[in-house]
Structures are given as C-alpha cells and as structure tokens.
2 protein chains.
Amino acid sequence: MLPEIVKWDNNNLFILDQRKIPMEISYLKCSNYQEVASAIEKMAIRGAPAIGIAAAYGVALASLQGRDSSKKALERLSRTRPTAVNLFWALDRMEKVLDHSEEMCLFRDLLAEADHIYKEDIEINMAIGQHGATLVQGRSLIMTHCNAGALATGGYGTALGVIRKLQEDHGNVKVYACETRPVLQGSRLTSWELQQDGIDVTVICDNMAALVMKLNYVEAVIVGADRVASNGDVANKVGTYGLAVLASFHKIPFLVASPISTFDMTLETGRDIPIEERDGNEIRIIGHNRVIPDLIRVYNPAFDVTPAHLISAIITEKGCIFKPDSGKISTFLKSLKKE
Amino acid sequence: MLPEIVKWDNNNLFILDQRKIPMEISYLKCSNYQEVASAIEKMAIRGAPAIGIAAAYGVALASLQGRDSSKKALERLSRTRPTAVNLFWALDRMEKVLDHSEEMCLFRDLLAEADHIYKEDIEINMAIGQHGATLVQGRSLIMTHCNAGALATGGYGTALGVIRKLQEDHGNVKVYACETRPVLQGSRLTSWELQQDGIDVTVICDNMAALVMKLNYVEAVIVGADRVASNGDVANKVGTYGLAVLASFHKIPFLVASPISTFDMTLETGRDIPIEERDGNEIRIIGHNRVIPDLIRVYNPAFDVTPAHLISAIITEKGCIFKPDSGKISTFLKSLKKE
C-alpha cells in the first residue's frame, strides 16, 4: 500500500516528502500556507495534479486565519511553480468557494473542496487507466519518464494508472523507467511505486532510452502532462520531447495520459506555455554529493514542450484523442459539455 | 594547464584519478600491471585512446618482472574493457615489441613504445582538431557528449580537440556538454577541461539535449568514438545514438572525431561490436549518495552503436570521411597506405 501524498490532521497539512523517497518515508508538517508554498517550490511534493491538491489544502489551511489570509494564500501559492496548469485550476476552484462561502462556513467549505479535488482525482485517474489500458492492450513493454504515478496525483496515477490497469487486466507488463535527471523522479519514485505494486520495472539513465528502443524493448511510451495547449502541444518534464522524437524515429506509439484539468484552452500552442527554469544546483549537487563546482555554468529547464504531431494519442478520463490537433480537441471538449 | 593523464616516475605508473575530478586532482600509484588493470576497470582512467596508453605502460611496468610477466599483462589488460578497440590496438603494438626485443633491452624498448604511443596520440589529436575546425568553421554552437577531450586521450582531445582548434582559430565557441550519466564524464570532465582553457561551456542533463537543439542552441554535434566498424557504424558512450537521432531530426550535422586506430576493419557492422554492461550500482549510487536500493533493477550498458547513416562525417587525423560507408572507408584507408 503506497503512502498518501498528503494527510490532514488536527488542522495541519502533512506532506509526504518525495525528495527522500525511496530511502526514507516521512511527512513534512505544514502549519500555514507559507510552508505549503515552500514545500511545493522545493519539490517535496510534485506532479501536476498533486501540487494542485496540496495548494487547495494550503488555501483551506490559511482560512483558519480568516478570509484575507486565504486570499493571500491564493496569490502566494500561484507563484510557486509556473508550468503545471492544474495548480491554477485547483486555485480557481478554491477561489470560487472562497467567494461564495459564508464566513462561519468558510474553513469547512474550503476543506471540503480540497478533499473533493483530492478524491475526485483518484477517480479520474482510474478512468484514464481504463481508457489507456484498452488502447494499449496487446502491448506489454512500456517506457515512461519522470513520475506520473500515484505520487504525482491523488492516487493511482495518470501514465502509471494506465500501466497499473494494463497489469491488472493482462499481467506481464514490463516497464522501463527513465531515471529523469536532475531530480530523479523516475529512478526514485516511479521504480519504487511500481516495485511496491509488484510490476516489473527496470531503471535506465535518460541517455539509454534510444538504445532500449532500438533493442525492441519498448512497444509504447506513456508519459503524463503538466499542461496541454489547445492545439495538442504538451508541456511535461524535461526529456519528454526527446523521447517523443526517439519514439517517432523507432515507430513506437507515444501516448500522453492527462486529465482534462490539464488542458489550457487559453493557449493557442505550446510556445505560449511558461517553462520554469530551476536552480542549477539541482544539477551540480546530487543528494549531499557535490558533483561539480559552482563556477561551472549549467542550464536547468524543468520542462519541455512536445509538439502535437509527435503524439499518437492523449488519454483523458473521458476517452482518447488520437493524433491531437486544435479541431479534434475542440470537438472533444464540446462533446463533453453536451453530456 | 591540464594535468597529464599518466606520469611515469621511479618505475611506477601514476594515473590521474578521473573519478574524483573536478573536486579533487590526485594520482593513483600503480606498482604493477594488476593495479593498472584495476584502474582501467574502475574507470580511474577512461576514454578509448587513454586506456590504450595506460595499458601500454602497464605492459612496460610488468616487464620489470620479466618477459613472462609482460605476457600475462597483455592477457590481463585485454580483459579490462571490451568495447574500445584502441586498447587492443595498443596491446598489439606492445606485443610486437615484446616479441622482437632482446631480453636486456626489453623494459627500455617497452617503455619507449608506451611513451611513443602517448606522444603520438597528442599529434594525432592536433591533426584531428585541424581537420575538424576546417570542416566546422562558420559554426560556433557545439554540443558534445561524454568526454572526448585531453583527459580521454594523450592530450588535446578528439572531439574537444576540434572544439579547441575552432576556439583558437575563430573564438566565440559556445559548448553544451551533456552530463553523461551514470559516470558524469560530461559534467565533471568536459566542463572542467573546457573551463580551464577559457572556453564557454554549459552543462545540461542528457534529457535536455533535444530541447537545446530545438531552441537552436546547437549548430553541430561532435563526439568521440570507442570503435568504428568497417561500414562506418560507431560505438561510443551510451547516449551517442540518441543524440545522433535527435541531430538528424533537427537537421544538425553529427560529427565523430576519431583517430584511425579506432577503426576496426575486422568487423562488418556495428552489430558485431561487443557492448560492455557495467555494474548497476553506477546508477544506484552517485558519489557516496545512494539514490535507490539494490532491489530496484537497473540496466547499465556503457556504450551504444550509432549507424553510419546518421553520421555526417568522421574526422580523422588524415582528413574527413563524409557520409561514411564501407566503400568510402575502404578507399580512404587504402589511400593512406599508398602515402
């Protein structure tokens, strides 16, 4: 049984510290929204849906100090990380509750909404898993990047949700997890999650992906997403774009598993997605081990954008969008509104 | 001034311990061939030409215990690392001296041959640098992988030799060095070498290469080689093949800088090149920092093979072979014999 990504206890938010997994399982106690914001910035919690959930609880936590504090929390939390749109989507939901809730019910309503965002995300991921497993059936050799798993979401995972369902339905799934430098979400989180669930997983360095594809060890690449533009371009953990190019070269389907909350219809293309650049010491220092001195310059973009034409399908909780483009995405989302 | 990769002093071989660079500059004292073999296996010294040089000195060192010891050294050193052909090429040269030298001149002759292999390699690299810089002129944004530099060779470097000459001739060279997991030769060695020589260098994680190419930060990719098959397929540090695919996708020239001693005309294609698989703990443990537990399975191939059709040119000390194939390589090598 995997640990919960966040726990609410006695008016504190406890955040599973993912920087220490798998060598240590521990929670970070957050007593105010500032500590929640800091935990998101430092990537103690990460993954697009997970940071939305943590931020939602941060707003609820702030309301213990009153409505104004919650308003400040909305502003502070929105400045933690720029790329994943789920953060802003979750804060928008919290803001609506904040604006419409009466003073005496404010904390109760905000906490209920955060709980709702959390629980709803698990159901969404199980639906993504179902659609994805149907799409991928007949293939059992899967490559994934970063961690789009239970730890990146409310639970079950997006890309790893598809892998979990595939394993439940057909068994014999074999996963190659790219280690995902610099923060190593693939080697530390994905491998641990899958291994805990009894799924066959092998970690490789990111630069081995091309060789592993050439050796025919991969029948599908499945990744998550931090933001999907209206034309189907996808921002995700840096390295995703390279994998999409390599998958295309090796004629391997490249699949993005992503809830509808990750779509940002205000952006025409992926060029408009803000890409976070993080501290170079993430590259220079690994754990407590300094690899290179400060005077060596590094470039540390946290995300890249994969153009829609390299994506075979986007798997959502409401079904798949094949060879995504503006027209197909618009039609797909309109059909949902009619439901 | 960069430190020498090996120093002969008072009948001991001192090997620059590249595992500790750049945080510490220290030499490993080898008093016998077994210690030289171990240093090569543990990658205290690495790089195709450099391990050939170290092995040559290992044979000379062994001859202090007589001819039989040198014969055993040839056998032991040939089992250190399988992929780089320069090792076997250097040992073949030492074996010829061993077979033809008289007993009382044996040590002197073997040491002279090792010195010759060492010094000759620097001249070869300067010639490679000249041919490469002529080829690449007009381009100043270069990406490289691993370390094909002074530290990987007798001095000056192959791929980094081209970069050095380009900088000497035209200035303004800007290098992106892929960090090269798991052993981090790019972030630790290449960045340090270039920074010491005043060349602008930025380290990126391997999975950022595609993004950096897409951003138009790269006008040529230049790498070294561990073995070139007779059809032009190239074995080099794992990750090279992926970079070649990415360069092709982004229409960026992909260049291999390699001395003629790296060609193995006994092999028809790259499929015949033995690929070393190394200990998984190279991935699991970084420095003294354990990232993932032993129970997580890893795959750790040290090299991959780039097919000739992805290579724009191979730069040798005698000139360039454009769009290499069996015919062109055979013609090129025959023309040299006529010289």
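In what order do the eight strands of the open sheet with mixed pairing stand? The order is β14(A)-β6(B)-β5(B)-β4(B)-β7(B)-β10(B)-β16(B)-β17(B).

1. Basis. This is a predicted model, in which local features need pLDDT of at least 70 and side-chain atom pairs count only at pLDDT 80 or more, while totals for chains, interfaces and linings use all residues. Residues are numbered from 1 along each chain as its sequence is written, chains are lettered from A and ligands numbered from 1 in the order in which they are written, and side-chain values use heavy atoms, with hydrogens and water left out.

2. Helices (H or I, at least four residues) and strands (E, at least two) are DSSP runs, numbered from the N terminus; two strands pair if DSSP finds at least two bridges between them. The edges are β14 (297–298) of chain A and β17 (319–322) of chain B; each has a single partner strand, so one side of each is left without a neighbour in the sheet.

3. Inside that sheet. Strands β5 (residues 174–178) and β6 (residues 200–204) of chain B run parallel and are joined by five bridges. K174(B) has D200(B) as its bridge partner in β6(B). Helix α11 (residues 326–338) of chain B packs on the sheet and touches β16 (313–316) and β17 of chain B (contact: heavy atoms within 4.5 Å). The direction of α11 makes about 160° with that of β17(B); axes are lines fitted to C-alpha atoms, for helices over the stretch in contact, and angles run from 0 to 180 degrees between N-to-C directions.

4. Strand β4 of chain B. L141(B) is in strand β4 (residues 141–144) of chain B. Its C-alpha atom is separated by 6.0 Å from that of V175(B), 34 residues apart along the chain. Leaving out residues up to four places away in sequence, L141(B) touches residues including K174(B), N216(B) and Y217(B).

5. β14(A) pairs with β6(B) in the parallel sense over two bridges, and V298(A) stands opposite V203(B). R297(A) and D200(B) also meet through their side chains in a salt bridge (2.7 Å, N to O); the rule asks for a side-chain nitrogen of Lys or Arg within 4 Å of a carboxyl oxygen of Asp or Glu.

6. The interface as a whole. Contacts involve 59 residues of chain A and 59 residues of chain B. The two chains bury about 4,500 Å² between them, 70% of it on carbon and sulfur atoms; buried area is the accessible area (1.4 Å probe) that two parts lose on being put together, summed over both. Four salt bridges are found across the interface of chain A and chain B.

7. The four-stranded sheet of chain B. This open sheet has the order β11-β8-β9-β15, with mixed pairing. β11 (263–264) and β15 (303–306) are its edge strands, each pairing on one side only. Strands β8 (residues 227–229) and β9 (residues 234–237) are antiparallel, with two bridges; R227(B) stands opposite A235(B). Helix α9 (residues 240–249) of chain B packs on the sheet, touching β9 and β15, and its direction makes about 35° with that of β15(B).

8. Backbone points to check. The peptide bond between I21(A) and P22(A) is cis, with omega about 5°, and the bond from I21(B) to P22(B) is cis with omega near 5°. P22(A) lies in the loop between β2 (12–16) and β3 (27–30) of chain A. K323(A), a residue other than glycine, has a positive phi near 40°; K323(A) is in the loop between β17 (319–322) and α11 (326–338) of chain A.
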